Amino acid sequence: MQNQEPTKGFLIVASAERNFYLYAINLIESIKDYWPEAQIAFAVSPYLCDGREAVADHVFHVGDTQREKLIALSKTPFDITMYIDADSEVHHEDITKAFDQIQETKQDIVFCALTEEREYCFAARRFPAGALELCGANFVYDMRNPLVREFMQEWKDLYWAQFYENSWWPLNEEGQHDLVNYPEIYKQWDQFSLWWLTNKVDKYKKLKYSIFEDDARWNWYALYIESKVAIKDLPIITHHSFGIDKYEKSYGNIG
């Protein structure tokens with residue numbers, strides 16, 4: 001019996017704010033522009049929906065926090081998924097190669113990177129005990145591996161404890177939250193819980209993960225300066241994280 005071809009698709013999430021829904025619709029349409037056959041799952045807060053969510057192939061509902069992506073990751077309908085932040089846009093036909101590297105190299109997860117030379121445009125990256133290196137904005141993961149499933153669930157649980165519940169943070173020798181080696185500013189970012197799981201939790205050292213080849217093409221951040229971030233071809237995904245209105249509860253200008 002031949003191995004069945006894994007299902008593959010994109011996961012986009014919009015929650016809490018109307019503008020994220022509008023950006024997500026634009027992102028989905030931009031994927032379809034370059035890859036009409038692409039399968040797309042859209043996780044969305046139900047009160048944001050106005051009918052345009054039907055542009056996605058699969059729609060399911062999530063809650064109303066600004067980190068519902070961490071809940072949606074484990075609910076993907078696909079074996080192999082590329083998650084993309086809603087405030088992004090596809091600009092290149094190479095989006096059709098999104099799943100190639102994870103399959104060809106048999107990785108569990110393929111990330112984009114947070115590198116030292118790009119540090120000039122990040123709010124924060126280095127802290128006394130380390131530095132954020134893996135980007136949670138755009139990545140591909142293989143849910144056929146039970147350890148990946150467990151990882152996605154624990155990423156959500158750890159972030160909820162870290163930020164929403166304030167019930168977990170690395171401790172110092174006195175048993176207090178260690179805000180010297182791990183400054184409080186990092187509590188707001190799921191990038192930190194990602195860093196913790198991949199660096200401090202032994203069982204996840206078994207995960208096989210890598211960085212996209214020419215990874216800045218897959219997450220061309222709005223503040224990147226072309227002369228400082230070398231890429232071999234034009235960006236595939238532009239990430240408009242800077243310079244857009246994320247949180248105004250309005251109908252915005254996209255539609």
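## Cysteines

The sulfur of Cys121 sits 10 Å from the closest cysteine sulfur, the one in Cys135, and that is too far for a bond. A disulfide would need the two sulfur atoms within 2.5 Å. This is a predicted model, and a search of the whole structure turns up zero disulfides.

How exposed are the cysteines? Cys121 is buried, with a relative accessible area of 8%. Cys49 is partly exposed, at 23%, and the cut-off for buried is under 20%.

## The sheet

Let's turn to the strands. Seven of them make an open sheet, and reading across it the order is β3-β2-β1-β4-β9-β6-β10, with mixed pairing. The edges belong to β3 (58–61) and β10 (209–211); each has a single partner strand, so one side of each has no neighbour in the sheet. On average, neighbouring strands here are turned by 25 degrees against each other, direction ignored.

For a look at one pair, take β1 (residues 8–14) and β2 (residues 40–44): they run parallel and are joined by five bridges. Within this pairing, Ile12 stands opposite Phe42 in β2. As a general point, strands of a sheet pair through backbone hydrogen bonds, either parallel or antiparallel.

## Helices on the sheet

Which strands does helix α4 touch? Helix α4 (residues 146–164) packs on the sheet against β6 (109–113) and β9 (134–142). The direction of α4 makes about 150 degrees with that of β9.

Helix α5 (residues 190–200) packs on the sheet too, touching β6, β9 and β10. Its direction makes about 55 degrees with that of β9. So β10, an edge strand with a single partner in the sheet, is among the strands that α5 touches.

## Asp178 in the loop

Between α4 and α5 there is a loop, and Asp178 lies in it. Is Asp178 buried or exposed? It's buried, with a relative accessible area of 7%; the cut-off for that word is under 20%.

What's around Asp178? Leaving aside residues up to four places away in sequence, Asp178 touches Trp169, Pro170, Leu171 and Asn172. The side chain of Asp178 also reaches the backbone nitrogen of Val180, at 3.2 Å. As for Tyr224, Asp178 is 46 residues from it in sequence and 32 Å from it in space, C-alpha to C-alpha.

Key:
Residues are numbered from 1 along each chain as its sequence is written. This is a predicted model: local features need pLDDT of at least 70, side-chain atom pairs count only at pLDDT 80 or more; totals for chains, interfaces and linings use all residues. Side-chain values use heavy atoms; hydrogens and water are left out. Buried means under 20% relative accessible area, exposed over 50%, partly exposed in between (1.4 Å probe, protein chains only). Two strands pair if DSSP finds at least two bridges between them. Helices (H or I, at least four residues) and strands (E, at least two) are DSSP runs, numbered from the N terminus. Axes are lines fitted to C-alpha atoms, for helices over the stretch in contact, and angles run from 0 to 180 degrees between N-to-C directions. Contact means heavy atoms within 4.5 Å. A polar contact is a pair of N or O atoms within 3.5 Å; within protein, one must be able to donate a hydrogen and the other to accept it, and residues adjacent in sequence count only if both atoms are side-chain atoms.
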